[in-house]
Amino acid sequence: MCCRTDSAPLKWSDITEYMYNRNLQHGPLNRSVPRAPAVNRLLAALPKNEYKRLLPELKTVNLVLGEVLYEPGAVIKYVYFPNDSIISLISELSERSWLEVGMVGNEGMAGLGVFMGARSSSTRALVQGRGTAMRMTSAAVRSEANRLGSLHELLHRYSHSLLAQVAQSSACNRFHLVEARLARWLLMTNDRLAAKEFPLTQEFLSTMLGVRREGVSKAAGVLQAGKLIRYSRGIITILNRQGLKAKSCHCYAIIKAETDAYLN
Ligand SMILES: [Zn+2]
């Protein structure tokens, strides 16, 4: 799998600092005040009685763009069910070399390792789309999963779906053109954020796609020339979803089909 290897790449702390600063332009962190109703599709798929039983364990939290929820090797205290936020799972090969290996939005849960019996995270979990999520302690997830009810079954199915996403993305990152990968990534982000406009820097995209900034700039230029997106001052606006689908490799459809299948 390729990774970010610019001659003078940014450090991870440079990226998160920039994202935090951008976030502050939209208002300070206020974790305790939810601003969106629960729309996590995994939780919504639970039978009413099981969801009601879980409610006391679920807390709505605001996730801040650029916030790191887990570091590799760190104990997972909480799992997160995103509503309108997105969490990227990032593999770090060195201080200056990293790549997004998975994306968790309203279809899933970050901290899946807890369900699989792990206590610590194997990847960094970074908020790449600000919004809300339902947070639950790892102990509560283990306890509920041990009941072998619907949450247990859904998390099993979600595990397969996430594995399929990771496998397809890995192959995509190795073999497909940067502009096709960028189109796929933008569509996946658009699906989960339910917003056509979101902040995004070339540095961050470079990390997500594992390519140099020059490659990202060129690919974004192709999509912009085709009037599929507008990219200005760190803000991406999706202008033509159908056009983006046509430009994307088939990986987008494969990943989306896996996600929809597990929830149906
Ligand atoms: Zn692809």
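In this predicted model, Tyr80 touches Val61, Leu63, Leu69, Tyr70, Ile87, Gly108, Met109, Ala110, Ala133, Met134 and Arg135, leaving aside residues up to four places away in sequence; contact here means heavy atoms within 4.5 Å. Residues are numbered from 1 along each chain as its sequence is written, and side-chain values use heavy atoms, without hydrogens and water. Because the model is predicted, local features need pLDDT of at least 70 and side-chain atom pairs count only at pLDDT 80 or more, while totals for chains, interfaces and linings use all residues.

Tyr80 also stands out in the largest nonpolar core, which has 37 residues and in which Tyr80 and Phe81 have the most contacts. Such a core is a set of buried Ala, Val, Leu, Ile, Met, Phe, Trp, Tyr and Cys residues joined through side-chain atoms within 4.5 Å. Buried means under 20% relative accessible area, exposed over 50%, and partly exposed in between, with a 1.4 Å probe and protein chains only. Helix 6 (residues 150-175) gives this core its largest share, 5 residues. Helices (H or I, at least four residues) and strands (E, at least two) are DSSP runs, numbered from the N terminus. A second, separate core of 31 residues includes Leu126, Leu182, Trp185 and Leu244.

Three strands form an open sheet: 3 strands in the order 1-7-3, with antiparallel pairing; two strands pair if DSSP finds at least two bridges between them. Strand 1 (59-63) and strand 3 (78-82) are the edge strands, each pairing on one side only. On average, neighbouring strands of this sheet are turned by 40° against each other, direction ignored. Strand 3 and strand 7 (residues 131-137) run antiparallel and are joined by 5 bridges. Tyr78 has Thr137 of strand 7 as its bridge partner, and Val79 stands opposite Met136 in strand 7. Helix 5 (residues 138-145) packs on the sheet, touching strand 3 and strand 7, and its direction makes about 70° with that of strand 7. For such angles, axes are lines fitted to C-alpha atoms, for helices over the stretch in contact, and the values run from 0 to 180 degrees between N-to-C directions.

The structure holds 2 aromatic pairs, where rings of Phe, Tyr and Trp (its six-membered ring) pair if their centres lie within 6.5 Å, and planes under 30 degrees apart count as stacked, over 60 as edge-to-face and the rest as tilted. The pair of Tyr70 and Tyr80 is tilted, because the ring centres are 6.2 Å apart and the planes stand at 55°. Tyr70 lies in strand 2 (residues 68-70) and Tyr80 in strand 3, so this pair ties together parts that are 10 residues apart in sequence. Tyr70 counts as buried because its relative accessibility is 5%, and Tyr80 counts as buried at 6%. The rings of Tyr158 and Tyr262 are also tilted, with centres 5.5 Å apart and planes at 45°. This pair links distant parts of the chain, Tyr158 in helix 6 and Tyr262 in helix 11 (residues 251-263), 104 residues apart. Both Tyr158 and Tyr262 are buried.
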